[in-house]
Structure formats: C-alpha cells, structure tokens
Amino acid sequence: MTRIDIELRRLELPLVRPFRTSKGEETARDVLMARWREEGPDGVIEGWAECAADAEPTYFPETINDVTSCVTEVLVPRLAGLAAAGPLTVGGLRAAFASVPGHPIARGLLESALLDAQLRRHGMSLVDFLGSARRPIAVGVSVGIPGDIDTLLSWVEGYLRDGYRRVKLKIEPGWDVAPVRAVREAFGDDLPLQVDANQAYSAADIPLLSRLDAFGLLLIEQPFARHELLAHAALAARHGTPVCLDESILSLDDAMTAIRLGAADIVNIKPSRVGGYLTARSIHDVCLANGIPVFCGGTLETAVGRASNLALATLPGFTLPGDISATSRYFARDIGASFELVDGALVAPSGPGTGVDVDLDAVEDFTTSAQWVSVGSA
Ligand code: NPG
C-alpha cells in the first residue's frame, strides 16, 4: 500500500528583465508546480514538475486555475484505489486519464511529477529514460519586444556576448521587418536568426510576411491563430521562410494533422503544452519520421522544467537550438542549481529523475499559494 499526496504550489519568480511578446508583458514568472509525494514500504519519494499555464489564457487555452481545478476535481479522483498494490506508474496514470478529453497541461503536470518520482525510485535519469545519449545541447535565446531598435540591438549584443548562438526575435504587426533588418545589419547574415509572432497575424498578411524571406531566417513561428492550419499551409507552400508551429500543437494528433496538411516545416515542442514528456517524445518521433526538424520550446521555466526540457532535447530530431537559455537570462534566484552556458550549450543533469535538487527554502519564498490533495485509497 502506497500513500500518495500531491501538492499544487503556485510560485512567482521575478524576471531579470520584462518579457514582452505580441500577447503582452510579464515581469515575473507566475508558475504552477506539482509535488508528487508517495510513502510506501521503501520510504518517501518525491517528484516535481511545472506547467506552462498562465494566469490568463494568454498562449494556451488552459489557465492556472483551470489546471488546478482539473487536477483536484477531475484527475486525482480518478486515481483512487490505484496505489493499493504498490506505487503508481506513468502507464497506470495514463490509463486512468484516458477518458478525459483535452486538458493536456493538467494531465502533463501530474504525469511529469509522477515520472520524476518513478525515475527517482529506479535511480534513473530522465535522459536515460527518454532513450537518448547525454550530450551538450546547443541553445538559443528568445528576445522580447523592447521599446525601440537601439534597445533591441543592445539586448542582442549582450546575449551574443553571453555566448548564445541563435537568436529568436518576438515580432508583431508594426515590429517585424524593421527589427529583423536592423539585427541583420548589425550582426551579419551568419547569425542564426528566427522570429516568433505568437499568432499576431492573419492570412491577409502573407504578402507582408513574405518580405521577411529576404533575411535568411531559420523559421517564422506561429504567425497565425492556432486553429488556422490552412493559412499556415498556404504560407509554407510558398517555400519562403520555413513555417514553424507552436500554439497549434496541443497533442500528437495535432502534430500529425499539421504534417499531413503541410502546415509545418518545423515544430516547436513544448512538453507541458502537449501533455508531458511521453507525448512530446511521440511528437518528436513522428516529426523525425517525416523529415520535420523540431526544437524544444520554453515558457520561462524554473530549474525543474529547464532540466526536463534539456533531457528531451537530447533526442536526435532536436536539430535546432531550443528556447532553453541559462538561468541568468531569466532569474537572479531559482529553485534549483543554476544552468550555465558553455560554448553556447547546456547539459542536462545526470542525477535520478530531472536531476534537480529542489531548494525548498526558495520554493517557500516564492510561493503565492499552496494546497495538498490526497489520492484516495478506494
Ligand atoms: O526561453 O523560456 C524561454 C522563452 C521562450 O519565447 C519563449 N517563450 O511564445 O514560445 C513563446 C514564449 C512563451 C513564454 C510562451 C511564456 C508562453 C509563456
């Protein structure tokens, strides 16, 4: 008999620099984390995970409150009785949630916290579980929208000095061709450069977006609304700047549909957005089989999410640098050891599970709310 309790903790970590996209500005990362705690014959094991939901449905349909109520009222009750014969496995959890439509972020939060606990019980790292060799991962930096071009250039210059080898510029109508041109003129044509619109354009803007083709970008990410797969396919059919999907991909089915429609030349995989690391790996697999490069997206993760995303990004289809920057790009203080850039790359920790020793004092200091929910015995 194993006793299972799950803590939902909402944290607020101040950002070292405000992060503005076409969707708005954040000055702190408001993040929901789950702590999976199981107490059985072998003692207590804990696993941690974080999710990508925001306070508002800014990037994804699920909000932090949605995830909280789905976890406490829908998902955890479905686990009742499952730990009677021993610790719950990720497979058991997936089976219990199979009848729940949607809610990938909520399902992924619990699955990832359990996966961390399960791997710690087995003494296995997430890198080894995902079946990839541990190696340094080339990473990039995502640059928010500043007030003016001079500020943008000074930010990019600083990030290049820090060692980043790929730059992603956030764009929006009125802030697209000019900043891209300015960065190209200042830093040259060899800088791996890409742009991300976060759904800010419509199909009527295809002629405008075509002007970006002149700048040799690696990709343009999510120019149109998430359901506009046909518009993305129309843009991709021009064979100009490669088209990358992010917010459109909430599941493995979404990825397969996008590939079939020709709506994605490249896919940004954000594990939390698609329901966890197993689904993320499946999306990686289907993209690899279809010749679609992928990169690991980011949502200003804490050490827990950053370590997990680095582990995923060791898979062979992740041929493009991910949005997985060093800790100092985001936070002055994190809830785990800092990730430092070496030669433009980061390395996933090698310890069991995510490999992150969660700093409970820091967690406490950043907590804005917390609640425990117990998995019933029957
Ligand atoms: O390095 O974590 C990072 C940021 C990468 O640009 C990034 N993330 O639209 O992909 C995005 C954006 C994002 C941030 C999305 C926060 C959702 C929340």
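Tutor: A salt bridge is a side-chain nitrogen of Lys or Arg within 4 Å of a carboxyl oxygen of Asp or Glu. This is a predicted model, in which local features need pLDDT of at least 70, side-chain atom pairs count only at pLDDT 80 or more, and totals for chains, interfaces and linings use all residues. Residues are numbered from 1 along each chain as its sequence is written, and side-chain values use heavy atoms, with hydrogens and water left out.

Student: Which residues are linked with Arg 9 in a network of salt bridges?

Tutor: Side chains of opposite charge can pair when their charged atoms come close. Here the network joins Arg 9 to Glu 7, Arg 35, Arg 37, Glu 39, Glu 46 and Glu 364.

Student: How many salt bridges are there by this rule?

Tutor: One of them pairs Lys 270 with Asp 246 at 2.8 Å, N to O. By the stated rule, the count is 23.

Student: Is Glu 221 buried or exposed?

Tutor: Glu 221 forms a salt bridge with Lys 168 at 2.9 Å, N to O. Buried means under 20% relative accessible area, exposed over 50%, and partly exposed in between (1.4 Å probe, protein chains only). The relative accessible area of Glu 221 is 0%, so the residue is buried.

Student: How is Arg 238 classed by relative accessibility, buried or partly exposed?

Tutor: The side chain of Arg 238 meets that of Asp 213 in a salt bridge of 2.4 Å, N to O. Asp 213 has a relative accessible area of 29% and is partly exposed. At 32% relative accessibility, Arg 238 is likewise partly exposed.
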